[in-house]
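Student: Hi! I have a model open on my screen and would like to talk it through. Could you walk me around it?

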Amino acid sequence: MESARQKDRINRVIMYVILTIMAFIMLVPFAWMILTAVKTNQEAISVNPFYIFPHSGWHWENFAKVWKSYNFIILYKNTLLMIFFRVVCACLTATMAGYAFGRLNFKGKNLMFSLILVQMMIPSQIFIIPQYLMVSKLGLLNTISGLVFPGIVTAFGTYLLKTGYQGLPKDLEEAAAIDGCNIGQRFLKIMMPLTRSSMVSLGIFTALFAFKDLMWPMIVCTKSETTTLSAGLAKMQGQYGSDYPTMMASAVLAIIPMIVIYMIFQKQFVEGIATSGGKL
Amino acid sequence: MKASNKLSAAAKSEARWGWAFIAPTMLGLFVLNFYPAINTVYQSFCKTGDFGRGNTFVGLANYAAAFSAGETWHSIWNTIKYALIEVPFGVCIALVLAVFLNKKLKGTSVYRTIFFLPMVCAPAAVAMVWKWLYNQQFGLLNNIFHSNVAWISDPHIAWISIGVIGVWSVIGYNMVLFISGLQEIPGDYYEASSIDGATGIRQFFHITVPLLSPTTFFIVQTRVIGALTVFDLMFMVIDKTNIALQNTQSIVYLFYTYAFTNGNKGYGATLVVILVAFIMLVTVIMQQAEKKLVYHA
């Protein structure tokens, strides 16, 4: 018994060691990003001696400089608006369609739902050229609408919400039907509020996807004052790639909002990803 | 008679509501996805005129050009090589971490938060940081290890370096899915086997791995498709002037270059159709493999 307990303790130690080493590896890029961001460029490219920590003090003002000179406020605004409209559109259309697919019976439903499944199987790259041509014809290049365009509806979200609605008990709705509620009232007042967790999952998934997406904003928003954080970074790297503290400060500024949101809503993020399992 | 009339009226009303509710989504899917998919296939048979104007039908000319170009095959192979690093390592490391974090250890939430962190970061920023870490002259890696490796410009190494970024980025995502899969395995299995004297590692291979195989399969499938469509990492890390470009650029990177940098939409469409056909093939193969490999309780 004593040796079993000892063995258990050794196992625990081994697990902690492996976890800690991995955690360290995961954090090194973040640490290096911040440490570089507060150096002067001379320090960043000094090899002999090589500085891990800033030598001439921590230059936090680098962030302020970058913030001003690259118009981060506009990048933030564009990214935020894109995310906001994509989340609203996705949740709105998906909750309606999800309810219809999950709880109503009508002719043609199965055929339409099979189309949803087909869309989920097709890699999205095949849509991009025509979507770009449409945005261009509609005169929406370099606009928020152009950024939102491919995310107005979501097959994945519809599937997710349908699963959510199917999981709800049947008698809830039947009781409301007896009370004389029509389908629209039942949907709005009874069913939709109950799928809140699925909606939160979809919202988080949509927001993360939009935030991380690089190719679409690069294609439709080529001007630096109309683009998003991701695409803005790509642009900056092309122009000022060798000013490392500036680049790292921009990278920090670009990821910090999502990290803060993640820290606050950690439980929802983790659950959202675990339940939706969407391809990010 | 009256009752059946009423019933059909109710059914009719239900159908009206149903179609009204799915109308926005279906309409959107037709305009934004189905029409574009067909249009891309059509464009792959066309030559794009100057300034992106006017399509001339050229039959299979784009396909002939794509299949005879060395860079197409190179990029397909590069994409497969990336997947061969990202998927196995990303899945195995994540599985080990998930099993550890699923034990009742103190501080698991801190570790989980850290491992998941890369998932909420824009790949553009992640790639920028890694590019800087890999920098041959001033980078952290070479200066710490006193080496002089051209991590991202030596064609023999660069694809591995990019694969490492991919693994780093995706571990947390796989881990979260594994943890939720692990929590569905009933604890009785472990208790029963403990009484029989099975230890941690035997339990892992005899209980955890088979019972987790549906989750594992789901993760592998999503990650394979994700890896085959990789773009951001290569695009951000490998410049157009990098001599390792030929040995690292993915098929989507090549597609982006032709369709949007060079404005040759027809040829870009051809590349993307080839990619989609390839992914469909891989998906079918994986579906077949699922029947053999996944344990259904």
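Tutor: Happy to! One term to begin with: a residue counts as buried if 20 or more other C-beta atoms lie within 10 Å of its own, and as exposed if 12 or fewer do. Keep in mind that this is a predicted model.

Student: Good. Which residues of helix α4 in chain B are buried, then?

Tutor: Helix α4 of chain B runs over residues 108-116, and its buried residues are Y111(B), R112(B), F115(B) and F116(B). They sit on the same side of α4(B), because they cover an arc of only 125° around the axis.

Student: And what is exposed on the other side of α4(B)?

Tutor: There you find S109(B) and V110(B), both exposed.

Student: Let's zoom out. How many helices and strands are there in chain B?

Tutor: Chain B has 13 helices and two strands.

Student: Is chain B a compact globule or more spread out?

Tutor: More spread out. For 297 residues the globule rule gives 19 Å, but the radius of gyration of chain B is 25 Å, well over that, so the chain is more spread out than a compact globule. Along its principal axes, the C-alpha trace of chain B spans about 90 × 75 × 35 Å.

Student: What percentage of chain B is buried?

Tutor: Buried residues account for 43% of the 297 residues in chain B. As for contacts in chain B between residues at least 6 apart in sequence, 71% of them join residues at least 24 apart.

Student: What about the domains of chain A?

Tutor: Chain A is divided into domain 1, residues 2-63, and domain 2, residues 70-276. Their centres, taken over C-alpha atoms, are 34 Å apart. In the contact between them, domain 1 of chain A supplies eleven residues and domain 2 of chain A supplies eight.

Student: Which element gives the most on the domain 1 side?

Tutor: That is α1(A), with four residues. The elements of chain A giving two or more residues to that side are α1 (2-37), α2 (41-44) and α3 (61-69). By class, the side of domain 1 of chain A that touches domain 2 has six nonpolar, four polar and one charged residues.

Conventions: Residues are numbered from 1 along each chain as its sequence is written. Chains are lettered from A and ligands numbered from 1 in the order in which they are written. This is a predicted model: local features need pLDDT of at least 70, side-chain atom pairs count only at pLDDT 80 or more; totals for chains, interfaces and linings use all residues. Domain bounds come from an automatic or database domain assignment. Two residues are in contact if their C-beta atoms, placed from the backbone, lie within 7 Å. Ala, Val, Leu, Ile, Met, Phe, Trp, Tyr, Cys and Pro count as nonpolar, Asp, Glu, Lys and Arg as charged, and the others, Gly among them, as polar. The arc is that of the directions from the helix axis to the C-beta atoms. The radius of gyration is taken over C-alpha atoms; the globule rule is 2.2 Å times the number of residues to the power 0.38.
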